[in-house]
Amino acid sequence: MEPEKILKKLKLDSGVIEHLNAVSDTALEIAEKVKIPVDKQLIFTGAILHDIGRNITHDITHVSEGARLAESLVLDDRVVNIIRCHIGAGLSSDEAIALGLPSGDYMPETPEEKIVAYADNLTVGSKRISFDESIKLFEKKLGKKHPAVERMKKLHREITSWMI
């Protein structure tokens, strides 16, 4: 099923749709700039569907609910993985369990997974923010020494290195 049809079927609210469109625009811009091979269609599909779990819940479990929903829609496993691991720059299994998620791997591994997670972090609602603004939000929410802050910085370094 095409991503747009999935979004219509799920009846996500307009704010979520605006966010999905903004993240997909950012992700595709990044995909155009990187010098490594990436699957742009996969990036678009993953980005436009990354928050489908928000039709069930708006808390952190939207990632596991979204992955479950994507599996029930028989979406490509690569899309399911993008949905599962788009939070921050990933979550360790221990962090996931502490946040109430099912145990499992929530770390982006492929370039496509990393690009969508990164683009999501550069998007607040439908507004694009800078990497520095994103880090400040992470630090304010989690604390400067939280491992997610360093993971986000590492993800930024990795993605920008692909652009050189």
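The model is predicted, so local features need pLDDT of at least 70 and side-chain atom pairs count only at pLDDT 80 or more, while totals for chains, interfaces and linings use all residues. Residues are numbered from 1 along each chain as its sequence is written, and side-chain values use heavy atoms, with hydrogens and water left out.

We may start with the open space. Rolling a probe the size of a water molecule over the atoms shows where empty space is left. Here a pocket is an open set of points, on a 1 Å grid over the protein atoms alone, where a 1.4 Å probe fits and protein lies on both sides within 12 Å along at least five of seven lines; lining residues have an atom within 4 Å of a point. A volume is the space filled by probe spheres set on the points, which are joined across faces, edges and corners. The largest pocket holds about 790 Å³ of space. Its lining comprises 30 residues, and Ile 87, Gly 88, Asn 121, Phe 138 and Lys 141 lie nearest the centre.

Helices (H or I, at least four residues) and strands (E, at least two) are DSSP runs, numbered from the N terminus. At least two lining residues of the largest pocket come from each of helix 2 (14–33), helix 7 (111–121), strand 1 (123–124), helix 8 (131–142) and helix 9 (147–161). Helix 8 gives the most, with five residues. For residue classes, Ala, Val, Leu, Ile, Met, Phe, Trp, Tyr, Cys and Pro count as nonpolar, Asp, Glu, Lys and Arg as charged, and the others, Gly among them, as polar. On this basis the lining of the largest pocket has eleven nonpolar, twelve polar and seven charged residues.

The second largest pocket contains about 170 Å³ of space. Ala 89, Met 107, Pro 108, Glu 109, Lys 114, Arg 151, Lys 154, Leu 155 and Glu 158 line this pocket, and helix 9 supplies the largest share, four residues. The lining has four nonpolar and five charged residues, with no polar ones.

Turning to the helices, axes are lines fitted to C-alpha atoms over the stretch in contact, and angles run from 0 to 180 degrees between N-to-C directions. Contact means heavy atoms within 4.5 Å. The axes of helix 8 and helix 9 come within 9 Å and cross at roughly 165 degrees. Helix 8 is therefore roughly antiparallel to helix 9 (angles over 145 degrees; under 35 is roughly parallel, 65 to 115 roughly perpendicular and the rest oblique). From helix 8, Phe 131, Ser 134, Ile 135, Phe 138, Glu 139 and Leu 142 meet Ala 148, Val 149, Met 152, Lys 153 and His 156 of helix 9. This contact divides into seven nonpolar, two polar and two charged residues.

For helix 4 (residues 62–72) and helix 5 (residues 77–84), the axes come within 8 Å and cross at roughly 165 degrees. Helix 4 is therefore roughly antiparallel to helix 5. Val 63, Gly 66, Ala 67, Ala 70 and Glu 71 in helix 4 meet Val 80, Ile 83 and Arg 84 in helix 5.

Helix 3 (residues 40–49) packs against helix 7 at an angle of about 45 degrees, with the axes 9 Å apart, and the two helices are therefore oblique to each other. In this pair, Leu 42, Ile 43, Gly 46 and Ala 47 of helix 3 meet Glu 112, Ile 115 and Val 116 of helix 7.
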